[in-house]
Amino acid sequence: MEIIPLIIAAAISGGTSLLFAVLGGILNEKAGVINLGTEGIMLIGAVMSAIVFIQTNNLFITLAVVLIATGFLGLLHAFLCITLRANQTVSGLAITLFGTGLSAYLGKSVAGVPIPVSIPKVELDWLDAIPIIGQIFSGLDIFIWLSIALSIILYVYMYKTAWGLHLKAVGDNPSTSDAMGISVAAYRYFHVIAGSMLMGVAGFYLIMVYSPNWIEGMTSGRGWIAIALIIFARWNPIYALFGAYFFGGLDSLGFRMQIYEFNIPSYFLKMIPYAATIFILMFIGWKNRNKPSVEPKSLGNPYFREQRL
Amino acid sequence: MSQSANVIEMKDIVKTFGEVVASNHVNFEVKKGEIHALLGENGAGKSTIMSMLSGIYRADSGDIYINGKLSRIRSPKESMELGIGMVHQNFRLVDTLTAVENIILGEKSNKWRGSSWMKKKIEEIEELADKYGLTFPTKVPIWQLSVGEQQRVEIVKTLYRGAEIIIFDEPTSVLTPGEVEQLFLTMQELKRNGKTMIITTHKLKEVMTIADQISVMRKGTMIAQMSKEEATIQSLANLMVGQNMADEGFSIKVIEKGKPILDVQNLVVRTKLRINAIDRINFSVHEYEIVGVAGVAGNGQKELAEVLTGLMQLYSGQIVFNNEKLTAPSVQQLIDKGIAHIPENRMKSGLAGSLGIIDNLMMKTYRSNARAKFGLMKKKENMEWAANLIKKFDVRTPDMVSPVAQLSGGNQQKLLFAREIDINPKLMIAVHPTQGLDVGAAKAVHEMLVQLRDSGSGVLLISEDLEEVMQLSDKILVLYNGKINGVIDRGQANREVIGQLMAGLNYKEGAFYEPEIVV
Amino acid sequence: MSQKSSFEPLPVELKQDNKKLGNVPFRLEYDAHKKGGSWWVPIISIIVALMICAVFILFNGMNPITVYGKMLAGAFGSSFGISETIVKAIPLLLCGLGVAIAYKIAIWNIGAEGQFILGAIGATAVTIFLPNLPGALYIPVMMVVGFAAGAIWGLCTAIPRTYFQVNELISSLMLNYIALLLLDYLVYGPWRDPQGFNFPGTQEFTPYQLLASLGGTRLHFGLIFALAAVILFAFFLAKTRWGYELRLLGANPVAAKNAGINITKHILIVMMISGGLAGFAGAIEVSGVAGRLMYGISPGYGYTAIIVAWLAKLNPWGMIITSVFIGSLIVGGYSVQTIGLPSSFSNMLQGAILFCLIGGEMLSKFKLKKVD
C-alpha cells in the first residue's frame with residue numbers, strides 16, 4: 001500500500017517540468033500559433049539555468065535570465081510567424097534545432113557539473129497528519145505549488161476574464177477579432193512570448209530540481225511530449241495538470257521497475273513514455289473520430305488584414 | 001430628425017489591389033436617418049468602399065467626413081468609435097462563442113467576467129434585442145444558430161456598440177425570402193429610431209422596397225445617385241450593368257429530356273458527426289435536362305454534391321448512374337464513368353493555385369493514355385492539348401506556366417469548365433458555379449451549362465442564387481433539412497413558393513408533390 | 001543575437017504600412033504572388049547566420065574570422081578534408097531526399113534520424129543472422145533490408161497519421177527516441193562484440209559486407225548510390241504520372257482529392273520511400289564508413305537533413321550542393337575542436353542558418369511600394 005503515494009509523488013515531481021511546458025504550449029496554441037520549438041526552448045532554459053546559477057548562486061537572477069533568454073526565442077518565433085507570416089512548423093523546427101545546438105555549445109563549460117541548489121520546500125504540518133495525502137503533498141518544493149497554482153490561474157484567465165475571451169476569439173477567428181477592435185498581433189506576440197517563457201521555466205525546473213546537472217540534450221523529447229499533451233489536455237490548463245502527472249508517472253515508472261528488478265532491460269522501460277505518447281494520441285484520434293475538433297480553429301494560419309477574398 | 005445633414009461624405013476615394021482598381025475616385029454621401037442603397041454587381045467595388053468605412057481597408061487617397069468632420073478610419077475600432085457598425089455578408093462572428101460573448105467581444109471594461117457579471121450582460125443584451133424585436137438564443141455557441149439568427153446577433157452587436165450608422169453588406173444573399181421580409185421590418189424599426197443605414201446589394205427589387213436613396217456603382221466608379229422616386233427597376237438595371245447587357249434577357253429554349261442518367265433512390269448520407277445530412281431523398285436527372293437544387297446553405301447541398309462525386313460514401317439507399325448501381329464508388333471511378341464536377345469553391349477545392357494552366361487542366365485526365373504513356377507524362381502533346389483547350393474556352397492567361405491563382409475569377413472558372421467539359425461528361429454537377437463572378441463571366445458560365453445540356457448531358461445545378469436556378473433549371477428541387485421539400489417544373493417556379501419551401505413550410509398545393517417517404 | 005537587429009526595423013514599418021513614414025515615400029507590402037526567394041536568399045541567409053554565430057564565438061573569446069577560416073580549411077583545405085566532407089554529405093543527401101519527398105506533400109517527417117538508425121540496424125542484422133550468405137549477395141541484401149527497415153519505421157509514422165489523425169511530427173520524433181534506445185540496447189546488449197573490450201558496438205564486418213571504397217580513399221560506393229537517388233528523385237517528380245500526383249497533392253490536397261487521388265495511399269507510399277531512403281543511408285553508413293553497428297552511429301544526420309532539404313528548397317539537384325555544404329560544416333566543426341570550440345558549434349550554426357533562411361524567404365516576399 002505504501003507504494004501508491006510514492007508513485008504519485010514521483011509522478012508529480014516528474015510531471016512538473018512537463019506541466020510548465022504544456023501550459024506554455026497551450027498559451028501559444030490558444031492564440032493560434034503552433035510552437036514546435038518547445039524542446040529547443042526548454043534546453044535553452046535548462047542550460048541558462050545551469051550557467052547562471054553556477055556563476056551567481058542566486059535563484060532569482062537565474063530565473064530572470066531564463067525568462068529573458070527564452071522570451072527572446074519566443075519573440076523570434078513570433079516575429080517569423082506573425083509579422084513575416086512564415087510557416088509555423090518550419091519556424092518551430094528551426095528553434096528546436098537552433099536551441100539544441102546553442103544549448104550544447106553554451107553548456108560545454110558546465111556539462112556534468114553538479115548544481116548545488118536547494119529549492120525551498122513547503123512544509124504543511126496540518127497536511128502531514130492526513131494519511132496518504134499527507135505523504136504525497138508534504139515537503140513538495142515551491143515550484144510544484146507554483147505550477148499547480150499556475151494551472152488554476154491560467155484556467156481562470158482563459159475562461160473568466162475579458163482577456164481569455166479575446167484570446168479564444170483570436171485563436172478561433174482572427175479576422176473577426178480584428179474587426180471587433182482586438183489587436184490580433186498584440187495578443188499573439190504576448191502569448192507566444194509568455195508561453196515560451198513558461199517553456200523556459202520547464203527547462204529551469206528540469207535542471208534545478210529533477211536532474212541537477214547539465215547534459216547535452218537532457219530534455220530527451222520532453223518538449224515533444226509536451227506538445228502531444230496539449231492535444232491530450234484538450235487545450236485546458238486543468239486537464240494539462242493531470243496529463244502532465246500521468247506522463248511524469250510513466251517517466252519515473254522506468255526507475256521504479258528497475259528498482260523492483262523486473263526482468264526487462266532498462267532500455268525498453270525508457271521507451272515507455274515515447275511509445276505511450278504515440279498510442280495515446282492514436283487512442284484520442286480514434287475516440288474523437290466522429291467529434292468536432294476542439295483545437296483553435298485558426299491554429300497554424302498567419303493572419304493579415306489586407307487580404308482580399 | 002434633421003434630414004439635411006450628411007452623416008457620411010466620402011470624397012475622391014481611390015483604392016487599388018495590385019493591378020485592380022477597386023475604387024476609382026469615388027464620391028459618396030449619406031444623409032442622416034435614411035436607408036441608402038449602394039447598388040452594383042459583384043466586383044463593382046461596393047464592399048471595398050464599405051470596408052473603408054468600417055476600417056478594414058484604408059484608402060490609397062481621398063477623404064472621409066463623418067458628421068461633417070474629416071476622419072481617419074484606420075482600424076475597425078476607430079470606425080466603431082465614430083458610430084459606424086457593419087453587418088458583414090460573411091458574418092463576423094466567432095463560431096465557438098455564444099451570441100452574448102460575441103456581442104461583448106472587444107469590450108475592454110471590466111476584465112473580470114464572473115457569472116454575475118455575465119448574467120447582467122445577458123439581461124442587458126436581451127433587453128436591447130427585444131427593443132427592436134430581434135430574438136435569438138443567447139447562451140449556445142453561434143454555430144448552432146440559424147443564418148437568420150446569426151444576422152440578428154450581428155445587428156444587435158452593432159447596436160450594442162452604439163452604432164448610429166449601420167452598414168448592411170449584401171444582407172439578403174443568405175436569407176430565405178421570409179427572413180428577408182423580417183430583416184426589412186427590422187430596418188424600418190431602426191429607421192424609426194433615428195439610425196442611418198447603408199445597404200449594399202445587387203438585387204433591384206430589394207432596393208426599390210427598402211431604400212430611400214440609391215447610389216449605383218460599376219467597375220469601381222460611382223455612376224449615379226438618386227432618390228427612390230427618381231428610379232425605376234429598368235433604369236437601375238441599365239446603370240448597374242451598362243446599357244447593352246441589361247437589355248439582353250437570358251433566353252433558354254425548352255427541349256425534350258432524354259433517358260434518365262442519374263436516379264437517386266432513398267438516399268441517406270450521414271456526416272462524421274452522425275447526422276443525416278441527406279435524408280431519404282428520391283430524384284432523377286435525365287439527359288438533355290438541367291435539374292436545379294435550391295435551398296438555404298447547409299441543408300444538405302454540400303453532402304449531395306459530395307456523395308455524387310465520390311467524396312463521401314452513401315449511408316443507405318442507392319444511386320443508379322447510367323443504368324448501373326453504384327455502391328461505394330471512388331472519385332476516380334466516377335470521373336471515368338463521366339461525372340464532371342464544378343466544386344463550390346474554385347480555389348479551395350477545384351484548382352491548385354500555385355500550379356500552372358497545364359497541371360490544372362490535367363487533373364481529371366492525367367491517367368489517360370492521351371496524357372501519359374508508361375507512366376511518363378507526354379510533355380509536348382499535353383502542352384498542345386492545353387493550348388487548344390484554353391483557346392476553345394477563351395481563358396485569358398499570360399502564359400501556360402504562371403500560377404492560376406493570378407487569373408481573374410472568371411478565367412479561373414472558365415479553366416475549370418474547360419477541364420470538366422473536356423471529359424465529355426454524361427452528368428455535370430455544378431455547385432455555386434457563378435459565385436463571385438461578374439455579370440459577363442456569370443453569363444458565360446450559364447451559356448456553357450445550357451450548351452452542355454443541349455449536347456445531351458444531364459446537369460445538376462446546386463446554387464443559392466434563386467434567380468439563377470429559376471432561369472436555367474428544367475426542374476427545381478428544394479432541399480430543406482436534408483429532405484426534398486418540393487419539386488417544381490420549369491415555368492411553374494415562383495419566388496414566393498420556392499421561398500416558403502426553402503424555409504421548410506410544407507406547402508401542399510400547387511405544381512409539386514410531396515416526395516414519397518419509404519421507411 | 002544582437003546581429004539579428006539587422007531585421008528589426010521591419011516590424012515597425014509593417015505595422016504602419018499605410019502611413020507615410022516621415023518623409024520616406026515607401027512602404028513595405030506583402031505580396032503573396034511575388035515569387036519569394038531567388039537563388040541569393042539562401043546565400044544571404046548563410047552570411048547572416050555566420051554573423052550571428054560570430055557573436056557567440058566572440059563570447060568564447062575567439063576571433064570569428066580565425067574560426068571560420070579554420071573550419072573552411074578543415075573541410076576543404078586537404079584531400080582528406082574534402083573526402084571527409086563528402087563522406088558526411090552522402091547520408092545527409094539521402095536523408096535529405098527522404099524528408100524532402102515527404103515535405104513535398106506537406107507530411108512533416110522529422111523521423112529521418114530514427115529511420116536511419118533502423119536502416120543501420122537492419123543491415124547489421126543481415127550480417128548477424130545470415131552468416132553464411134554467398135559473399136557477393138551481402139551488399140545487395142544489406143541495402144534492401146536497410147531500406148525496408150527504414151520504410152517500416154516510416155510506416156509507423158504514416159499509419160497513425162492516416163488512420164488515427166496522429167500528428168506526424170510528434171510520432172516521428174517519438175520513434176527517433178525509441179530507435180535510439182533500441183540501438184543502445186543492441187550494442188550494449190545482445191549484439192555487443194564479445195572481443196570488443198566493452199566497446200558498445202558489434203563485431204566488425206567481413207570484407208564482403210563492406211561497401212567498396214572509391215580509389216582507396218575514405219570515399220565509398222555509397223556516393224554513387226546517393227547520386228543515383230538524386231537522379232531518380234528528380235526524374236520521378238518531374239516526368240512521371242506519380243510525380244504529377246505528388247505535385248498536385250502538395251499544391252492543394254482538396255483539389256487532389258476531387259481529382260480522384262487517394263491521399264491515404266500516397267501518404268503511406270511516400271512515408272515508406274522517405275523512411276526507406278533514410279534507412280538506405282543508415283545501411284550505407286554501417287557498411288561504408290563504420291564497418292560495424294555502434295553506439296552513436298548517427299551524429300544527428302536525420303535532423304541535419306531537414307536543413308539540407310530546406311536550404312535546397314526541396315530541389316534534388318540543389319541538395320547535392322547543400323549536403324556538401326552542411327557536410328563541410330560538420331567536418332569544419334570537428335576541426336575547430338582543436339582550438340577549443342565545442343563541436344556542437346556546427347549544430348548551432350546549422351540551426352541559425354535554417355532560422356535566417358525562413359526569415360529571408362519570407363522577407364523576400366515583401367516588396368517596397370512607392371507611396372504617392
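Analyst: Happy to; the answers below concern a predicted model.

User: What makes chain A as compact as a globular protein of that length?

Analyst: The secondary structure of chain A consists of 13 helices and 2 strands. Its radius of gyration is 20 Å, close to the 19 Å that the globule rule gives for 309 residues, so chain A is as compact as a globular protein of that length. Along the principal axes, the C-alpha atoms of chain A fill a box of roughly 65 × 45 × 40 Å.

User: And what share of the residues in chain A is called buried, and why?

Analyst: A residue is called buried because 20 or more other C-beta atoms lie within 10 Å of its own. In chain A, 54% of the 309 residues are buried.

User: How do you know which residues of chain C touch chain A?

Analyst: Two residues are in contact if their C-beta atoms lie within 7 Å. By that test, 40 residues of chain C are in contact with 39 residues of chain A. Helix 14 of chain C gives the largest share of that side, 12 residues. By class, the side of chain C that touches chain A has 31 nonpolar, 8 polar and 1 charged.

User: What links domain 1 and domain 2 of chain B in terms of contacts?

Analyst: The domain assignment gives domain 1 (6-247) and domain 2 (258-338 + 459-519) of chain B. Their C-alpha centres lie 34 Å apart. In contact are 5 residues of domain 1 of chain B and 7 residues of domain 2 of chain B. The domain 1 side has 3 nonpolar, 2 polar and no charged residues.

Definitions and conventions. Residues are numbered from 1 along each chain as its sequence is written. Chains are lettered from A and ligands numbered from 1 in the order in which they are written. This is a predicted model: local features need pLDDT of at least 70, side-chain atom pairs count only at pLDDT 80 or more; totals for chains, interfaces and linings use all residues. Helices (H or I, at least four residues) and strands (E, at least two) are DSSP runs, numbered from the N terminus. Ala, Val, Leu, Ile, Met, Phe, Trp, Tyr, Cys and Pro count as nonpolar, Asp, Glu, Lys and Arg as charged, and the others, Gly among them, as polar. The radius of gyration is taken over C-alpha atoms; the globule rule is 2.2 Å times the number of residues to the power 0.38. A residue is buried if 20 or more other C-beta atoms lie within 10 Å of its own, exposed if 12 or fewer, and partly exposed in between; C-beta atoms are placed from the backbone. Domain bounds come from an automatic or database domain assignment.
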